[in-house]
Amino acid sequence: MTDLTGAIVALTGSGSGLGLGLARYFRTLGAKLALLDISADKVVALQRAFGEDTLVMQGDVRDIDALKAFRDATVAKFGGVDCLVGAQGIFDGNRPISELPLEKIPAAFDEVMRINVLGYILSAVVFREELAKRNGSITLTASSNASYCADGGGLLYTASKHSVLGVVRQLAFEFAPAVRVNAVSPCGIADSDLRGPGALGLEGESQNDIPKDSFMAMIRKVTLLDHLPTGAEYGPAYALLADPKQRILTGEIIMADQGLANRPIISAR
Ligand SMILES: NC(=O)c1ccc[n+]([C@@H]2O[C@H](COP(=O)([O-])OP(=O)(O)OC[C@H]3O[C@@H](n4cnc5c(N)ncnc54)[C@H](O)[C@@H]3O)[C@@H](O)[C@H]2O)c1
């Protein structure tokens, strides 16, 4: 098992689903945690669950000042930072682009791209210097369904998740050799609360609203492992990339897809 004892991990989008699961998993490996989320309610719940040893802050990854405050508070509390993990995101309700009101597309595009892409870019740039002091790493979140092909979301989500691949590869190139940059591409998260954009009036719609049985049936149909993982179950893949002892992997994107890409032709099972 990867040992992260003493490693200082800053995690954005840690209020639910993947990010919350990763925070719990990283804590079992001995990491010291700094957690950021935009939701005031989730921040209160995080502080209650993780206690005073963990830094918990409310902030928006689109806000440079909020990211600087998060970085500075992390360094002030722990003395530095080894790993930045990006887990925030919103989706587009899987809406086909031709079904969106044309005049709402620009604002919805801005909202999805600024959270799913710009937020990762800004946090990487803000944390770069501190991470470089400790030969640290950045691990971002792509998607096995939306980063490589169609039908893993609507067009806006798919465009944003394809962009994450380019962000990871270019950051890995530009930040080398001091900081490694990688990503994980998850495929379905059982405890997700993934929301839609306010610009489409979908901020109250959660991926969690899709009945678990039908989501499970869909995952079973297209993957090999008959399992819809929780956020925490993606922990080992993220920990492998974040481990400070790991000096090999950069520009890598782990396909954490339960065998989805190994099964392009769907046969009845
Ligand atoms: N749910 C899935 O099936 C799935 C599959 C593949 C990839 N992903 C990706 O995994 C990541 C996590 O998704 P999830 O399913 O756990 O969703 P989630 O909504 O449960 O978690 C995302 C967290 O990010 C926070 N957040 C949203 N906007 C933010 C902002 N501007 N600043 C700071 N925090 C913000 C939310 O409050 C939430 O706590 C996303 O990048 C998503 O695209 C999800």
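Reader: How do the residues of the shell around the ligand divide into nonpolar, polar and charged?

Author: In this predicted model, the shell holds eleven nonpolar, twelve polar and six charged residues. The shell comprises 29 residues, of which Ser-16, Leu-18, Asp-37, Tyr-157 and Ser-192 come nearest to the ligand.

Reader: Which polar side-chain atoms lie by an oxygen atom of the ligand, and at what distance?

Author: Ser-16 places a polar side-chain atom 2.7 Å from a ligand oxygen. For Tyr-157, the distance from a side-chain N or O atom to an oxygen of the ligand is 2.6 Å. Lys-161 has a polar side-chain atom 2.9 Å from an oxygen atom of the ligand.

Reader: How much of the ligand's accessible area does the protein cover?

Author: On its own, the ligand has 830 Å² of accessible area, and the protein covers 96% of that. The elements giving two or more residues to the shell are α1 (17–28), α4 and α5 (155–175).

Reader: Let us turn to the charged pairs. How many salt bridges does a search of the whole structure find?

Author: To count as a salt bridge, a side-chain nitrogen of Lys or Arg must lie within 4 Å of a carboxyl oxygen of Asp or Glu. The search finds seven. One of them joins Asp-60 and Arg-62, with an N to O distance of 2.8 Å. Another pairs Arg-71 with Asp-72, whose closest N and O atoms are 2.9 Å apart.

Reader: Are Arg-71 and Asp-72 buried or partly exposed, and why?

Author: The cut-off for buried is under 20% relative accessible area. Arg-71 is buried because its value is 19%, whereas Asp-72, at 43%, is partly exposed. Arg-62, in the pair with Asp-60, is also classed as partly exposed because its relative accessibility is 27%.

Reader: Which parts of the chain does the pair of Arg-134 and Asp-82 link?

Author: These two form a salt bridge with their closest N and O atoms 2.9 Å apart. The pair links distant parts of the chain, 52 residues apart: Arg-134 sits in the loop between α4 (105–133) and β5 (137–141), and Asp-82 in the loop between α3 (64–78) and β4 (83–86). Arg-134 is partly exposed at 34%, while Asp-82 is buried at 9%.

Reader: Which residues do salt bridges with shared partners join into one network?

Author: Lys-42, Asp-193 and Arg-195 are joined in this way.

Technical notes: Residues are numbered from 1 along each chain as its sequence is written. This is a predicted model: local features need pLDDT of at least 70, side-chain atom pairs count only at pLDDT 80 or more; totals for chains, interfaces and linings use all residues. Side-chain values use heavy atoms; hydrogens and water are left out. Buried means under 20% relative accessible area, exposed over 50%, partly exposed in between (1.4 Å probe, protein chains only). Helices (H or I, at least four residues) and strands (E, at least two) are DSSP runs, numbered from the N terminus. A residue is near a molecule or strand if one of its heavy atoms lies within 4 Å of it. A polar contact is a pair of N or O atoms within 3.5 Å; within protein, one must be able to donate a hydrogen and the other to accept it, and residues adjacent in sequence count only if both atoms are side-chain atoms. Accessible areas come from the Shrake-Rupley method with a 1.4 Å probe; for residues, only the protein chains shown count as cover. Ala, Val, Leu, Ile, Met, Phe, Trp, Tyr, Cys and Pro count as nonpolar, Asp, Glu, Lys and Arg as charged, and the others, Gly among them, as polar.
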